[in-house]
Amino acid sequence: MLLAAALVLLVVLPLLPSPSVSGGARLGLFLLPLPPLLALGGSLAALLDRKIGKNSTTLWAVGSAVFGLVCVPALLVFVTLTAGP
């Protein structure tokens, strides 16, 4: 669920308007850390889940952590390609 939420947020984030909030900072700056945090939360949930096998737990945890580390640079590249530098 957390990995799916991170993916949805990753896709929707470039489409959201970015109004100024909190003294001129953009809303996108506050939302940017959410996809990796959700993915790392999914990694922690996979490690703590006792219903799946030991090998699957490790694969889900590593996959979620890698997704969490890759999603912010991927988002920045996507926005640069679609909106320009």
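First, the ground rules. The model is predicted, so to speak of local features we ask for pLDDT of at least 70, and side-chain atom pairs count only at pLDDT 80 or more, while totals for chains, interfaces and linings use all residues. Residues are numbered from 1 along each chain as its sequence is written, and side-chain values use heavy atoms, with hydrogens and water left out.

On confidence, pLDDT being the predictor's own score for each residue from 0 to 100, the chain has a mean of 75, and 85% of its residues reach 70 or more. Strand β1, residues 20-21, has the lowest confidence with a mean of 64, whereas α3 has the highest, at 80. Where pLDDT is low, the predicted coordinates should not be read in detail.

Along the sequence, the pattern is α-β-β-α-α-α. Of the 85 residues, 20% count as buried, where buried means under 20% relative accessible area, exposed over 50%, and partly exposed in between, with a 1.4 Å probe and protein chains only.

Let me turn to α3. Its buried residues are Pro35, Pro36, Ala39, Gly42, Ser43 and Ala46. Seen down the helix axis, these fall within an arc of 115°, so they line one face of α3, the arc being that of the directions from the axis to the C-beta atoms. The face turned away from that buried side carries the exposed residues Leu37, Leu44 and Leu48. Ala39 counts as buried because its relative accessibility is 0%, and its C-alpha atom is separated by 6.5 Å from that of Phe67, 28 residues apart along the chain.

Finally, the second largest pocket. A pocket here is an open set of points on a 1 Å grid over the protein atoms alone, where a 1.4 Å probe fits, with protein on both sides within 12 Å along at least five of seven lines, and lining residues have an atom within 4 Å of a point. This pocket is lined by Met1, Leu2, Leu3, Gly42, Ala45, Ala46, Asp49, Trp60 and Ser64. The elements giving two or more residues to that lining are α1 (2-12), α3 (34-48) and α4 (54-83), and α3 supplies the largest share, three residues.

Methods. Helix = DSSP H or I, 4+ residues; strand = E, 2+ residues; numbered from the N terminus.
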